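Subject: Handing over the model

Hi there,

Here is the structure I promised to pass on.

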Amino acid sequence: MFHWASYAFVRLTLALMAGILTYLYVGERLPALVWPLAALVGLFLIIQARVWRHPNPAVADKAGLLALVAVYVAGAAFMQQATESRRADHLYRFGANIEFYRAVVDDYTVVRPATYATTVRVSAVRVGGKWQPAVGGIRVSVPRDSGVAAPQYGEVWLVRGAPAPSKAPLNPGEFDYRRYLQYHQVYHQQFIHPDQYQRIGIAPPSVLKAAAMRAARVLDGVFRQYVRAKREYALASALVLGIKDDVDQQTRQAYANTGTTHIMAVSGLQVGLLFGAVSWLLGWLPGQRGPLFRLLTALLGLAVIWSYAFLTGLSASVLRAAVMFTFIIVARASQRQANMFNTLAVAAFCLLCYDPYLLCDVGFQLSFLAVISIVYLQPRIAGWFDVKNYFLEKQRPWQPKPVQKAWKATSWTLDKVWQATALSLAAQVATFPLGLFYFHQFPLSFLLSNLVAVPISSIAVYVGLGLLALKGVVAGVALLLPDFAAVLDYGPIAVAYVFEMLIRWFNNYIFWIGQTMPGALISEIHVTAPQAWLVFGIILALLAFFQLKKLVWLGLACLLMGGFAGSRVWAAHRLAPDERLIVYSIPRRSVLGFWQGAAAHIVSADSLPLTETERTYRIVPGIIQREARAVRYHTRWRESPVPAAPDTAARPGLVLAVWRGVRVALVSGPLAGARQPVAAHVVVLRRNARVWPEDLAAVFGRGAVIVFDSSCKSWYVESMWKKLQPAGWQLHDVAMQGAFIWQVGATDAPNR
């Protein structure tokens, strides 16, 4: 029987999360919730005071229910207060009237091949020649020119021009970067040229964070000095410090394909390793384990964990893990760790009160679900087989001592392997639906990858931290004995060699797994949010069935499975007759997609085929969304089943394609040589085609939709727009409005 009484904070945290989710879905329609929340809290205090004076179980139950309602409303109210766009002085209120704005760099700088990217927080704007206070976040990009330094946390900028609202996804199924930014209270983006901004001072929003980021860069310099191989240095910095600027795309993809991306992210794994190391070392200390000892060990554990969080730059993932382990340490020290679920709920509750938008963070979701699943499932899975005793029972008194020791070593080793296997399986159970929903893939090789890579990488973390500590000691001694600096440096060099070897071993192993088991990655899986909830429901129902042994839970699991299968069948049924033409938004490219159900032909009108990056980020998300299984790519219409006829004599810049009754004209040159009109539903202007409105009207008539593809420059689109819009043409710019979609069917009208 399940007793809620022992899970008090679990109830409160679930209520808080429900309020946050309510605001996410219907927040715009909610009134101000501060006063309703105050009324609920006041009513609760009145009822609770009555319960204290005159204990009554029925009234106490009502007070508890009212408390849950108050926490639920508090979740939505916290979201209201945390949403900057609701404020009267937000950037949204000023629109394009901003002449200048003053802002401070408030994030890490991401180094890209051609740009630096970071986030700035606005403090004031100038509108109509007057400065006034303002708030808002802007995701800015600055070109990496030779004379441009990387933005640094705390720099105050004076920027000319108005930022633009963040763009919605430009292609079907594409990652919604705008929503991602909004969850971080960033609603605008801007590309800033070097002559458009000026650094006018230094005023970091957090002095502590500024110092932590400088410390992280100093430690990164140690790895750069001693780990000479480029790939191993990049992984060393990512593994220990969380700095992933130099990790190449091939390495990132290899770890994603094998389910080991968490190794490169400084979060719960590294903090947990430190927590485990401190606990293990303290276990060797002699003496009584009284309250004073528990207090001292708790303080030492907290000091180690938060020192590590500081040295890694106080990144969000490390802070999240540090808070989680802080509550675990405090619960252990106070001997109130009887219920780990309550401890985790307290940590989640405090984090969500501080920033309710953390609930939308993928790392937050994965971290807590993985830990909850490990706490509940790992002992149960490990209990399936008593590996240790199985091999210990193989010992016999008459066996030689070496044989008995071999059986003992085997039992210990295989028991540890089985414990690690159980842990990995337990973590996957809860995170499985999120992996499908967010990453659209599931690596079947995760178990084999983690069994080897995680232990070696864990040892590498200890060795890497040891290298940093040893370098600090050597640097301090070298200040006192400068003549021995070169000799002392052999210590860090030796440790760095071991560190680099460990990184190379587990990195090579990850690549080997990916190359040996290429079919172990199930990719391009599309799961909607309701379907992900159904999968969670199936898992919970099955766990309840195995725990309570009641058929009603198995029946519920089967019912949910039927609902999930039915939703997939219904989606496939709706998709089968769907036919559409898509003009994609891919920078500097002319790409068309001809879709029929789950099959498609993607045609690049340029002479160069699409790159792997363009496919992965622009085309593949739509393929996953439609669960397409027959997609072919074509360059310059070669081997394409779509009839396309260029008229090189009369119209050298015109290609006419006909598909499912839709006539598409691609224009890349003058139409002055046209002698006969051409019927077309869609006219795609490419490469800044030199055409005149009267030529377009003479050749295609005024019923066609004019589409500017991504190969057209912004100045050209603006110029043509001014000429064509007053004449009544239907216009679409894929660079600004996103992909153009023509839905083939009864209406034969564009779906934009």
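Helices (H or I, at least four residues) and strands (E, at least two) are DSSP runs, numbered from the N terminus. Counted that way, the protein has 23 helices and 23 strands. Before going on, please keep in mind that this is a predicted model, where local features need pLDDT of at least 70 and side-chain atom pairs count only at pLDDT 80 or more, while totals for chains, interfaces and linings use all residues. Residues are numbered from 1 along each chain as its sequence is written, and side-chain values use heavy atoms, with hydrogens and water left out.

Overall picture

Taken along the principal axes, the box filled by the C-alpha atoms is roughly 100 × 80 × 70 Å. The protein has 752 residues, of which 44% count as buried (buried is under 20% relative accessible area, exposed over 50%, partly exposed in between, with a 1.4 Å probe and protein chains only). Looking at contacts (heavy atoms within 4.5 Å) between residues at least 6 apart in sequence, 66% join residues at least 24 apart.

Two packed helices are described by the angle between their axes and the distance between the axes. Axes here are lines fitted to C-alpha atoms, for helices over the stretch in contact, and angles run from 0 to 180 degrees between N-to-C directions. Angles under 35 degrees count as roughly parallel, over 145 as roughly antiparallel, 65 to 115 as roughly perpendicular and the rest as oblique.

Helix 2 (residues 34–53) packs on helix 3 (residues 57–82) at about 160 degrees, with the axes 9 Å apart, and the two are therefore roughly antiparallel. Their crossing is left-handed (the near helix is turned anticlockwise from the far one by less than a right angle; clockwise would be right-handed). On the helix 2 side, the residues that meet helix 3 include L37, L40, F44 and I47, and their partners in helix 3 include A63, L66, A70 and V73. By class, the residues of this contact are 17 nonpolar, 2 polar and no charged (Ala, Val, Leu, Ile, Met, Phe, Trp, Tyr, Cys and Pro count as nonpolar, Asp, Glu, Lys and Arg as charged, and the others, Gly among them, as polar).

Helix 3 also packs with helix 1 (residues 8–26), at an angle of about 45 degrees and with axes 7 Å apart, which makes helix 1 oblique to helix 3. The crossing of these two is right-handed. Among the residues making the contact are R11, L12, G19 and Y23 of helix 1 and Y72, G75, F78 and M79 of helix 3. The classes here are 14 nonpolar, 4 polar and 1 charged.

T258 sits in the loop between helix 7 (249–257) and helix 8 (268–283). T258 counts as buried because its relative accessibility is 1%. Its side chain makes polar contacts (pairs of N or O atoms within 3.5 Å; within protein, one must be able to donate a hydrogen and the other to accept it, and residues adjacent in sequence count only if both atoms are side-chain atoms) with the backbone oxygen of A254 at 3.0 Å and that of Y255 at 3.3 Å. Leaving out residues up to four places away in sequence, T258 touches P443, S445, F446, S449, I510, I513 and G514.

E627 lies in the loop between helix 20 (612–626) and strand 15 (630–635). Its phi is near 50 degrees, a positive value in a residue other than glycine, and E627 is partly exposed at 25%.

R687, in the loop between strand 19 (682–685) and helix 21 (693–700), also has a positive phi near 50 degrees. With 45% relative accessibility, R687 counts as partly exposed.

Best wishes
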